Amino acid sequence: MGSEVRVTWWGHSTIWLEDSGVRLVTDPVLRDRVAHLRRRRGPTPRLSGPPDAVLVSHLHADHLDLATLRNIPLTATLVVPAGAGPFLRRRLGADTTRRTVELAPGESTRVGAVTVRAVPAVHDGGRGPWSRHRAVAVGYTMHGAANIWYPGDTGLFEGMSTLGPLDLALVPVGGWGPTLGAGHLDPAQAAEAVRRSAPRHAVPVHFGTFWPAGLPLRRGMFHDPGARFAARAAEVAPATRVTELPPGGTLALDHVR
């Protein structure tokens, strides 16, 4: 595995991946406010160039941010869950259709030298309680020089043990508020996901970034999930090396083998 495999976490679920000359970004939110959520840690994301593809896991506004997608260069392929196409056409315009690839779990597409495969996720697939727009929620595995799993938002599911072999899992370990609803992983559940999927490396994501405006910050729900995940993973999945990145931090896989 060479130095071309690099992963930068920009906070929450926005992750920039470079593998075999291919540039991917997951669930990009490239601004400091989404609805009632404000960025409370880390810099505003600054991508190092235009991505070859954007991977969207589900329709929730903190994962599918329309304002960000409007500013992504039109050369980028949009890889989205099956059923998301009509919503994107309505909100981003009919020209979106030609560069959108909809995937159901088990389906895949090729982006340069990297194969992107949709995998199951246990999470609500609707845009929100006020919206009739729905699509299946998915995660993705990416297969180039490295095998990488990005779950999106998910609860535990039995098929996690069949995702490998994996070099890296980008594991959601928290949320954006004082509670964590169904279809999410807390630090202990995220460690169990790592035990089941058995990646060589893991990076905790989906915590310590956004918080509701006007709500006092709770350290235990905001800052601590990454460290709690790392401690629990060391107990239940000692073969996996956990790296907790700060927002804007980069992991080069060959540097931590």
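Is H12 buried or exposed? H12 is buried, with a relative accessible area of 1%, where buried means under 20% relative accessible area and exposed over 50%, partly exposed lying in between (1.4 Å probe, protein chains only). The model is predicted, so that local features need pLDDT of at least 70 and side-chain atom pairs count only at pLDDT 80 or more, whereas totals for chains, interfaces and linings use all residues. Residues are numbered from 1 along each chain as its sequence is written, and side-chain values use heavy atoms, with hydrogens and water left out.

H12 sits in the loop between β1 (6-9) and β2 (15-19); helices (H or I, at least four residues) and strands (E, at least two) are DSSP runs, numbered from the N terminus. Apart from neighbours within four places in sequence, the contacts of H12 (heavy atoms within 4.5 Å) are D62, H63, W176, V205, H206, F207, T209 and F210.

| Part of α5 | Residues or elements |
|---|---|
| Buried | P225, G226, F229 and A233 |
| Exposed, on the face turned away from the buried side | A234 and E235 |
| Cover of the buried residues, including | β13 (168-172), α3 (187-197), β14 (201-205), α4 (219-222) and β16 (241-242) |

In the protein chain as a whole, which has five helices and 17 strands, buried residues make up 53% of the 257 residues. Among the contacts with a separation of 6 or more, 65% join residues 24 or more positions apart. The C-alpha trace spans about 50 × 45 × 35 Å along its principal axes.
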